[in-house]
Amino acid sequence: MAVEITWWGHATCTVEDSGVRLLTDPLFAGRFAHLRRRRGAVPPPEAAEADVVLVSHLHADHLHLPSLARLTPGTRLLVPRGARRAVPGLARLAGVGGLTVTEVAPGEEVTLSEGVRVRAVSARHDGRRLPFGPHLAPALGYVVQGSARTYFAGDTGLFDTMAEEVGPVDVALLPVGGWGPFLGPGHLDAGRAAQALAALAPAAAVPVHYGTYWPVGLDAVRPHEFHAPGEEFARFARQLAPKVAVRVPDHGERVRLP
């Protein structure tokens, strides 16, 4: 039982299990909107190679249309139910781009191959496409069930039923930071992510969603919040979930778990 994880930065990971290659929330931009990639090179072309892409919610740093446009025609996208209505660009990717878009809701399961399935689970996050747009699609996490059970939390706050909804997992990919000096509601910082880890009790964990993008002009504002969350998560995890093996990869590093 083993799964290989490559962290490309932010919430973008490649998950390889039983011959299936999955990609989470692909973001391959050096800069977009007011954010600049401050650490880690822009992922190479092979980072966009995937059988299935898991999109957790509609925010532009998770559902990034130019990054999705780099995918090979025929790649399957799993997106929250309602995403096509909320983001018309998905229809263009399905048409001109040749991608297959499948909408899912919490509790629904998709079979990818004889040995790999993906189950959508709920998240606690405001996943609207625009800051003041309508709630057309829920924020999701995903559990990849292959030789290992890998939980990709997407972007979420801590909630009481998380472990119950996610179920038993072997590997947890947990967000531990953000892209600015302050985290709003619906996010995990390093400490809360360690609390989630203690409840989930996987064999191994990898921190994501930190140390990659930062607002232009704010390099000197609370830089600790940019650099430190990964190692802070590992430190908190040693206190709250000492049996969990935490790996803190560099950008582009591939690790084998558990």
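Reader: How many positive and negative side chains does the chain have, and how far apart do the centres of the two sets lie?

Author: Counting Lys and Arg as positive and Asp and Glu as negative, with His and the chain ends not counted, and placing each charge at NZ of Lys, CZ of Arg, CG of Asp or CD of Glu, the chain has 26 positive and 25 negative side chains, with the two centres 4 Å apart. This is a predicted model, in which local features need pLDDT of at least 70 and side-chain atom pairs count only at pLDDT 80 or more, while totals for chains, interfaces and linings use all residues. Residues are numbered from 1 along each chain as its sequence is written, and side-chain values use heavy atoms, leaving out hydrogens and water.

Reader: What radius of gyration does the chain have?

Author: Taken over C-alpha atoms, the globule rule is 2.2 Å times the number of residues to the power 0.38; for 258 residues a compact globule would come near 18 Å, and the chain, at 17 Å, agrees with that.

Reader: Which residues of helix 5 are buried?

Author: Helices are DSSP runs of H or I with at least four residues, strands are runs of E with at least two, and both are numbered from the N terminus. Buried means under 20% relative accessible area, with a 1.4 Å probe and protein chains only, and in helix 5 (residues 190-200) this holds for Ala190, Gly191, Ala193, Ala194, Ala196, Leu197 and Leu200.

Reader: What do these buried residues pack against?

Author: With contact meaning heavy atoms within 4.5 Å, their partners include strand 12 (149-152), helix 4 (162-166) and helix 7 (229-240). Just after helix 5, Ala201 takes a positive phi of about 55°.

Note on methods
Buried means under 20% relative accessible area, exposed over 50%, partly exposed in between (1.4 Å probe, protein chains only).
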